[in-house]
Amino acid sequence: MTESVREIPGILAGLAATAKRDLLLAWKRPGDVLNPLFFFAMVCTLFPLAVGPSAEQLEFSGPGVIWVAALLATLLSLNSLFLSDFEDGSLDQLLVSPQPLPVLVIGKTLAHWLTAGLPLVFVSPILAITYRMPFSVIGVMMLTLTLGTISLSLLGSIGAALTVGLHRGTALLSLLILPLAMPIMILGANAVSLAAHNDIYSTGIWALGAYAIASLSLAPYATAAALRISNE
Amino acid sequence: MTHKLSADNLTLIRGERCLFSGLSFALESGGLLVLEGRNGCGKTSLIRAVAGMLSLEKGVVYWDDVPVEKQRQEFHGSLVWLAHRTGLKGDLTLVENLGFERHLRAHSNRDPEEVYERLGIARLKKLIVRSLSAGQQRRVALARMLLSDVPLWFMDEPFTNLDREGRALVLELVDEHLADGGLCVMAAHQDFEVNSPMTRVKIQ
């Protein structure tokens with residue numbers, strides 16, 4: 001057995017396999033995907049009932065409400081990112097695999113974004129219509145939500161990795177992530193508001209893009225380091 | 001190609017407790033290292049430390065005479081670990097679980113069907129792992145070892161949950177692996193016999 005040349009699969013194979021496995025798990029347990037989505041839809045539909053249905057008020061508060069709900073829904077889904085892997089021992093197996101851990105983390109985060117972030121982006125237009133958002137603004141909102149949820153998934157993975165060994169780490173996770181997530185929400189909601197007032201909104205989009213790229217290049221390393229510490 | 005795993009003067013402290021200190025061993029291709037000791041004495045911790053998942057207070061682990069922290073990827077590419085927790089996803093079938101592992105490390109040219117047949121799990125292929133018994137899940141974890149092409153096996157209590165026939169099978173697989181030039185580090189309570197040279201390390 002030792003005579004043969006051992007060929008370790010490439011890093012893209014590792015990334016794709018991790019993402020595929022998590023997507024398959026999400027497919028088999030659709031409840032985990034749908035829960036944050038229902039939460040998002042519920043907050044967005046309940047809000048107008050509470051503050052009153054005046055058109056002016058809805059138009060004014062729409063971007064903010066949708067963004068706050070999206071942020072909270074993403075936080076809700078982050079807790080389980082590494083939890084089941086930690087509990088069934090597959091995190092150990094990932095840690096002793098020859099694949100670079102940051103790459104596997106990207107795979108897992110990609111799957112998380114596809115199952116938690118992207119559905120929010122697709123559901124948001126329906127909710128935006130109830131806030132009387134014009135079609136041109138809905139496009140801007142979807143773009144900000146896309147960029148924002150990418151950053152949230154990546155930054156959230158750091159918090160999820162740090163709190164994975166703790167029981168009931170959800171509160172701590174939110175506390176850790178909120179300072180990093182706040183700018184995303186402010187930039188996103190602000191850009192949508194500006195677009196609704198026919199103002200220049202591109203600055204916010206660029207800033208969100210920069211935030212997403214910075215998260216993509218730094219967060220996986222931080223998450224990998226945090227996972228090694230948490231799993232000791 | 002022969003390999004060598006050695007440890008020099010390992011000391012591990014967990015919290016306030018010193019689990020072991022000044023522990024050294026050397027293991028070459030074809031050798032079996034058995035870790036003995038009562039419950040909670042640190043057998044699993046030793047395996048985790050050697051695998052690089054726990055940081056040691058003192059001491060160095062060498063793989064082919066190079067410290068493992070200098071070649072973590074190379075070292076991890078040479079080992080597979082049968083842990084106490086199987087590391088299998090309960091919601092996936094065993095084929096899906098093992099198919100995922102296939103993309104992580106080098107895989108052997110054994111035919112998966114033959115491996116399933118040999119481990120007695122061939123007829124469980126369509127079931128999700130959660131619905132299997134603890135012993136059957138162990139057998140799936142053993143399949144992971146057989147399907148990967150690595151010289152170093154870590155086995156943490158491999159006999160847990162297995163029936164008599166399963167325990168004999170584990171020893172048979174270990175013997176085969178060692179005869180093939182592999183290395184094995186095993187934590188075990190029970191006494192057993194293998195045909196290969198065996199070193200015992202007792203953790204106090």
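Axes here are lines fitted to C-alpha atoms, for helices over the stretch in contact, and angles run from 0 to 180 degrees between N-to-C directions. The model is predicted, and each value below is computed from it.

Helix H6 (residues 101-130) of chain A packs on H9(A) at an angle of about 105°, and the two axes are 8 Å apart. Angles of 65 to 115 degrees count as roughly perpendicular. H6(A) and H9(A) are therefore roughly perpendicular to each other. From H6(A), the contact takes Leu101(A), Pro102(A), Val105(A) and Ile106(A). From H9(A), it takes Pro220(A), Tyr221(A), Thr223(A), Ala224(A) and Leu227(A). Sorted by class, the contact of H6(A) with H9(A) has eight nonpolar residues, one polar residue and no charged ones.

Now turn to helix H8 (residues 170-196) of chain A. Its axis comes within 9 Å of that of H9(A), and the two cross at roughly 155°. Angles over 145 degrees count as roughly antiparallel. That makes H8(A) roughly antiparallel to H9(A). The crossing of H8(A) with H9(A) is left-handed. On the H8(A) side, the residues that meet H9(A) are Pro183(A), Ile184(A), Leu187(A), Gly188(A), Asn190(A), Ala191(A) and Leu194(A). On the H9(A) side, Gly204(A), Ile205(A), Ala207(A), Leu208(A) and Tyr211(A) meet them. The contact of H8(A) with H9(A) divides into nine nonpolar, three polar and no charged residues.

A further partner of H9 is helix H7 (residues 135-163) of chain A. H9(A) itself spans residues 202-230. The axes of H7(A) and H9(A) come within 7 Å and cross at roughly 20°. Angles under 35 degrees count as roughly parallel. H7(A) and H9(A) are therefore roughly parallel to each other. Their crossing is left-handed. The contact of H7(A) with H9(A) holds 17 nonpolar residues, nine polar and no charged.

Gly209(A) counts as partly exposed because it has 16 C-beta neighbours inside 10 Å. A residue needs 20 or more to be buried, and 12 or fewer to be exposed. The C-alpha atoms of Gly209(A) and Leu143(A) are 9.8 Å apart, although 66 residues separate the two along the chain.

Next comes the loop between H6 and H7 of chain A, where Arg132(A) is found. Most residues other than glycine have a negative phi. Phi of Arg132(A) is near 55°, a positive value in a residue other than glycine. Arg132(A) has 15 other C-beta atoms within 10 Å, so Arg132(A) is partly exposed.

How does chain A meet chain B? In the interface, 28 residues of chain A are in contact with 33 residues of chain B. On the chain A side, the elements that give two or more residues are helix H1 (11-28) and helix H5 (90-95). H1(A) gives the largest share, seven residues. By class, this side of chain A has 10 nonpolar, nine polar and nine charged residues.

Cross over to chain B and find helix H5 (residues 134-147). This helix has 14 residues. From its first C-alpha to its last it reaches 20 Å, close to the 20 Å expected at 1.5 Å a residue. In H5(B), 12 of the 14 residues are buried, so the helix is largely enclosed by the rest of the structure. Among the buried residues are Arg138(B), Arg139(B) and Arg144(B), along with Val140(B), Leu142(B) and Leu146(B). The buried residues of H5(B) pack against strands S6 (79-82) and S7 (152-156) of chain B. They also pack against helices H3 (94-102), H4 (112-119) and H6 (164-179) of chain B.

Leu183(B) is found in strand S8 (residues 183-187). Leu183(B) is buried because it has 26 other C-beta atoms within 10 Å. Beyond residues up to four places away in sequence, Leu183(B) touches His3(B), Leu5(B), Leu27(B), Ser29(B), Gly31(B), Pro151(B) and Leu152(B). Arg130(B) is 53 residues from Leu183(B) along the chain, and their C-alpha atoms are separated by 31 Å.

Asn9(B) sits in strand S1 (residues 4-14) of chain B. Phi of Asn9(B) is near 60°, a positive value in a residue other than glycine. Asn9(B) has 12 C-beta neighbours inside 10 Å, so Asn9(B) counts as exposed.

How values were computed
Residues are numbered from 1 along each chain as its sequence is written. Chains are lettered from A and ligands numbered from 1 in the order in which they are written. This is a predicted model: local features need pLDDT of at least 70, side-chain atom pairs count only at pLDDT 80 or more; totals for chains, interfaces and linings use all residues. Helices (H or I, at least four residues) and strands (E, at least two) are DSSP runs, numbered from the N terminus. A crossing is left-handed if the near helix is turned anticlockwise from the far one by less than a right angle, and right-handed if clockwise. Ala, Val, Leu, Ile, Met, Phe, Trp, Tyr, Cys and Pro count as nonpolar, Asp, Glu, Lys and Arg as charged, and the others, Gly among them, as polar. The expected span of a helix is 1.5 Å times one less than its number of residues. Two residues are in contact if their C-beta atoms, placed from the backbone, lie within 7 Å.
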